[in-house]
Amino acid sequence: MAGEFYARPKDGAPEDQWQTIEEHLTNVAEEAGRMALAFGAGSWGRAAGLLHDLGKYSEAFQRRLRGGPKVDHSTAGARRARALFGPVWGKLLAYAIAGHHAGLANGNDGSPSDLVSRLGESRRKRQIEPYERFDPRLLADLSLVAPPLRRDDERNGFQAAFFARMIFSCLVDADRLDSERFTSPDKAAWRDGWPDVDQLWTRLEAFLAGLRAKAAASPLNKRRNDILDACLAAADQPPGLFSLTVPTGGGKTYSSLAFALRHAHGHGLRRVIYVIPYTSIIDQNASVMRDALGDDAVLEHHSSLPVNDDQKDDGAAFRRGDLAAENWDAPLVITTNVQFFESLFANKPGKCRKLHNIAGSVIILDEAQMLPRDQLRPCLAALRELTLNYGCSVVLCTATQPAFGDAETFDSLAMRPRELAPDPERLYDEFRRVRVVLEGMLSADELAGRLAAHDQVLCVVNTRRHARDVFRRLAAARPTGQVYHLSTLMHASHRRAKLEAIRADLAAGRPCLAVSTQLVEAGVDVDFPHVYRAMAGLDSLAQAAGRCNREGRLAELGLLHVFDCDKQEYKPPHSLIAPMEEGRGVLRRCAAGDDLLSLANIGDYFAGLYHRHKDRLDVGDILAELAPGAKNADFPFATVADLFKYFDSPGQPLLVCDENLRQRIVDGLRHAPNPGLFLRLAQPWLVQLYDNDIRRLERKGVVSRVEEGGLAVLEELALYRDDVGLDIELVDAPADARGLCQ
């Protein structure tokens, strides 16, 4: 009888208290069906749930529960799905069932693990254990309705693959939740307690009313209130694609949040997902939202999130936020572009588990111009699909709106959003606080000399080497001043501390001279009277301008000094060359006295950049990889996951922290039952290095590995300096000299 077959044991309990397969399949079917209802696919979720563990009805798997060898228990349900629902719908469902532990496989790549092999449709047919001992009534009323997709004829394959990944998400989350409820009911209970979006909207209404009452009557606050009111009024519009074009200082965080929560409240949407390009600015945005909505309202999910000391490796004290980060079951999620978009193209259960909870959301893309050019078409295709078939509203939020509307460049992916801001051109003029000054070519010595003449100045350059060289010259020229360096050769915790010190100096009116790579640009809240920026794309120049006279306190316009440097000595990264040349093109077309950073020039810059490189907007040909699957449901899920890298970041991470923390992380990665927790603990202490730099440090014996090919760990902390972070050149200095450099 079916009741004699078990899905899982319970620690310390007799067998008659183990969970039966029928109970597990029924629970997962109900839960996955409920999840899939959010995008009209309840029957698909239910079918996936009922079929996913049919292979556990084998004697071999029952022996596995009692200590026997591993058994493939997922292929059986995948084959049953194919048999029940045919070569297209059945295969779409089979991907999720076959991959609910290992991940979505390629459809037909010639390997023993591809889907056609597991389905027995090739000469590599996989053998599975007999599993016929289930009650046939379990599957008696199983059926599917057509996938509820509004067709996009140019991207049918993309749509079908996206749908399969969403069903996979429902199955994985439902399966994990049912297992958790059975084995760790106390942990499952900790997931409850989040407020819903209606409660958050009520809180925000009260907060904004108080904010308006306390704010001083000024032209600046009036303009901010006009933007806020326009966003609130637009929230009644039907869901879809929107833009919010607001200059720096226009209050776009509050305005976008107000639109999102009121829009969600009015249209029955489930959550707001705030997507931010860099972890360096998540802290400040999360702080603003917690001030407005309460500490219990915000889920942060990003790599630099610190781990509390009470989170032990046995998982005995997980916070509610840690659990919600697994599936984004929270009303307000703040995450990164990397986490958001890589999940949409992933194939692993851990990354895909959250996807079904994106359906029915308001998605705010902060600094929308930061979408990666090399992956732009897949990103736009995913956003289009979310608005077309998954009940989402998307807001492109930025001061420098990218030109996604050119049909010649983007064909049917061209975006024509509804603008939320009242008259962006007028707002730009009203909020303009910076004048661009072209300085020509400046050597590192000349640049440092210019910077030393100021009491408060920020300099942004394109390479870490340039930043370090200018910083050292500036520090020598101003030995008594507060001179700072910021780059990715410093780990996140170090950069955060330096930014706090910079803000304190600026607020107190003390001398403050900072040299940084471009990491400081995207939304980092600092306000200098002068900013120097190495030549770059207009979007980067505009971002640098946003760090100058940010609060409008100067009697005149702040100055953005744009300069050139020796491209042989300080060769810019490859990704910056095309934007830099496009920016120069706009500059050449400008008449004397024109505003280089006007909205018209920004629009021309993006339109030209995308059009000239339209054949490089999908470097992995991801959309082409998925297109053929529309006919036979053969999708290369694993290949696409490998191809879609939001940042093509060269090199490897290096762990840099004090000896006690380093040992705790290394021990946890080697021995803990939950090593992923320790990998997250390491995130704020990682420095990204090129492969050749890592190899150089390894040859010198100052770097070890957690395991062969595993995380690199810096063993000699004298190479990490308080001023510039990791100084690789010190590895060639005598050992006694390294200590003197700290």
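Helices α8 and α11 are roughly perpendicular to each other, where 65 to 115 degrees counts as roughly perpendicular, under 35 as roughly parallel, over 145 as roughly antiparallel and the rest as oblique. This is a predicted model, in which local features need pLDDT of at least 70 and side-chain atom pairs count only at pLDDT 80 or more, while totals for chains, interfaces and linings use all residues. Residues are numbered from 1 along each chain as its sequence is written, and side-chain values use heavy atoms, with hydrogens and water left out. Helices (H or I, at least four residues) and strands (E, at least two) are DSSP runs, numbered from the N terminus.

**Helix pair α8 and α11**

- Helix α8 (residues 197–214) packs against helix α11 (residues 282–293) at an angle of about 90°, and their axes are 8 Å apart. Axes are lines fitted to C-alpha atoms, for helices over the stretch in contact, and angles run from 0 to 180 degrees between N-to-C directions.
- On the α8 side, Leu200, Arg203, Leu204 and Phe207 meet Asp291, Ala292 and Leu293 of α11; contact means heavy atoms within 4.5 Å.
- The residues of this contact between α8 and α11 comprise five nonpolar, no polar and two charged. Nonpolar covers Ala, Val, Leu, Ile, Met, Phe, Trp, Tyr, Cys and Pro, charged covers Asp, Glu, Lys and Arg, and polar covers the others, Gly among them.

**Helix pair α9 and α10**

- The axes of helix α9 (residues 219–234) and helix α10 (residues 252–267) cross at roughly 20° and come within 8 Å. That makes α9 roughly parallel to α10.
- The crossing of α9 past α10 is right-handed, which is the term used if the near helix is turned clockwise from the far one by less than a right angle, left-handed being the anticlockwise case.
- From α9, the residues Arg224, Ile227, Leu228, Cys231, Leu232 and Ala234 meet Tyr254, Ser255, Ala258, Phe259 and Arg262 from α10. Eight nonpolar, one polar and two charged residues make up the contact of α9 with α10.

**Six-stranded sheet**

- Six strands form an open sheet in the order β10-β15-β14-β11-β13-β12, with parallel pairing; two strands pair if DSSP finds at least two bridges between them.
- β10 (434–441) and β12 are the edge strands, each pairing on one side only. On average, neighbouring strands of this sheet are turned by 15° against each other, direction ignored.
- Strand β11 (residues 456–460) is joined to β13 by five bridges, and the two run parallel. Val457 has Leu513 in β13 as its bridge partner.
- Strand β12 (residues 483–486) also runs parallel to β13, with four bridges joining them. Here Val483 stands opposite Leu513 of β13.
- Strand β14 (residues 530–534) and strand β15 (residues 558–564) run parallel and are joined by five bridges. His530 has Leu559 in β15 as its bridge partner.
- Helix α19 (residues 464–477) lies across β12, β13 and β15, and runs at about 170° to β12.

**Burial of strand β13**

- Five of the five residues of strand β13 (residues 512–516) are buried, so the strand is largely enclosed by the rest of the structure. Buried means under 20% relative accessible area, exposed over 50% and partly exposed in between, with a 1.4 Å probe and protein chains only.
- In a regular strand the side chains alternate between the two faces of the sheet.
- In β13, Cys512, Ala514 and Ser516 point one way, Leu513 and Val515 point the other way, and all are buried.
- Ser516, in strand β13, counts as buried at 0% relative accessibility.
- Apart from neighbours within four places in sequence, Ser516 is in contact with Leu458, Cys459, Val460, Val461, Ala467 and Leu486.

**Four-stranded sheet**

- A second open sheet has four strands in the order β17-β16-β19-β18, with mixed pairing. Its edge strands, β17 (686–689) and β18 (703–705), each pair on one side only, and the twist averages 35° from one strand to the next.
- Strand β16 (residues 652–655) pairs with β17 in the antiparallel sense over four bridges, and Leu655 stands opposite Leu686 in β17.
- Helix α29 (residues 691–699) lies across β16, β17, β18 and β19 (712–714), running at about 40° to β16.

**Residue Phe637**

- Phe637 lies in helix α26 (residues 637–643) and is buried, with a relative accessible area of 0%.
- Not counting residues up to four places away in sequence, Phe637 touches Tyr95, Leu104, Ala105, Asn106, Ala161, Ala164, Arg165 and Asn347.
- The C-alpha atoms of Phe637 and Asn389 are separated by 20 Å, the two residues being 248 residues apart along the chain.
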